[in-house]
Amino acid sequence: MENLKQTYPDSLPYHQGGKLEVIPRTRVENEHDLSLAYSPGVAVPCKEIQKNPNDAYEYTSKGNLVAVISNGTAVLGLGDIGALAGKPVMEGKAVLFKKFAGINAFDIEIDETNPDRFIEIVKAIAPTFGGINLEDIKAPECFYIESRLKEILDIPIMHDDQHGTAIISAAGIINGAKITNKKIQDLKVVVLGAGGAAIACAKIAKKLGVKEIIMFDSKGALTTHRKDSLNGFKKDFIINRQIDSYKEALDGADVLLGLSRGDILEAKDIEGMNENPMIFVMSNPIPEISPELVKKVRPDAIIATGRSDYPNQINNVLGFPYIFKGALKARAKAINEEMKLAAAKALAQLAQEVIPQDLKAELERIHKRKFEFGKEYIIPSPFDWRLKDFVSNAIAQAAINSGVARIKAL
């Protein structure tokens, strides 16, 4: 097991003092400025918003402000470490919103594990924000919390652990199938894990056209032969077949989606996968099987992880900044399935596009590897500056087309 404190000795100094600060956008240099920023001049926009609530998008930061909200019950691969211990992750998420999409974000850690009380707290603070990024909330509570908040609020809400990973894995599947000349509807997919991200990945794979999915939770494959009860979310993936091991499920499989925990697979488990398998081991920070071992056992594989130090990073940073950017551009009332699929397809398409030479040189300098569409480049780099407009515009247009936007055209 990798000792991350030894691997990244500069991590604690990097986080020292926190990673965020608030900088005013308007000047406060004299008495008149002060009267505009606060009393009495501030009463003018207040009255306008009272007459028309949508004017909050014009006269406040709401239209470019996202809340990153967590209770710390499922943080990265660390588990239930609590709201306070999860704060460095939420701060980091806010930094990425700003860095990659130019969106302001506040991290809000809520020390509450009761789903209904958590929902009430989020509902109460929602008027501040143009969107809410739910983060690191354990399953099955995360499904209920997201669903309920989407019902009662009219701003885009997304539990990123579910949908961000799903969108990017879907982009990887689209391009993996293209590279290997496989039809998506013919793919056999095995999903390790049955939490929020795993179920969302399986659902979007179905929307892409995948027909055969085998899912595992901590007790084994989801089959009709199980004696224990399975919750409603898992029931969608129960199959009528006895499966006793990962190896049995993976024999003849085309895609492995790992969303469980580190180092649970052995070399023998992946030996029988189909030619040119897609092995997406996304558990963070330790993958289900090391990429080095995969290369040794299956050199023909397309490998993706959740880490930034390997090619094909299926990391939410490729999703959430641009999903929310698009939603905010359209002043969307929600993030719907049409917008998620648009994001996956746009990410896949961008990876297929010819990279401008100056950008290509910069990406190869940053990542220290070649960038050509193929097995080691199936999804864009987080540092691809084209993402900001290419993906967010596709999402905004999908919001308009599907009727959840407050604007009529980009």
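What radius of gyration would a compact globule with 410 residues have, and what is the value for the protein? A compact globule with 410 residues would have a radius of gyration near 22 Å, and the protein, with 22 Å, agrees; the radius is taken over C-alpha atoms, and the globule rule is 2.2 Å times the number of residues to the power 0.38. The structure is a predicted model in which local features need pLDDT of at least 70 and side-chain atom pairs count only at pLDDT 80 or more, while totals for chains, interfaces and linings use all residues. Residues are numbered from 1 along each chain as its sequence is written, and side-chain values use heavy atoms, with hydrogens and water left out.

Along the principal axes, the C-alpha atoms fill a box of roughly 75 × 55 × 45 Å. The protein has 18 helices and 10 strands, assigned as DSSP runs (helices H or I, at least four residues; strands E, at least two) and numbered from the N terminus. Of the 410 residues, 51% are buried (under 20% relative accessible area, 1.4 Å probe, protein chains only).

The largest nonpolar core contains 97 residues, such a core being a set of buried Ala, Val, Leu, Ile, Met, Phe, Trp, Tyr and Cys residues joined through side-chain atoms within 4.5 Å. Helix H10 (residues 196-208) gives the most to this core, with 9 residues. Val-191 is among the residues with the most contacts inside the core. Beyond four places away in sequence, Val-191 touches residues including Ala-198, Ala-202 and Leu-257 (contact: heavy atoms within 4.5 Å). A second, separate core of 21 residues includes Ile-243, Leu-250, Ala-301 and Ile-303.

Key
Buried < 20%, exposed > 50% of the residue type's maximum accessible area, 1.4 Å probe, protein only.
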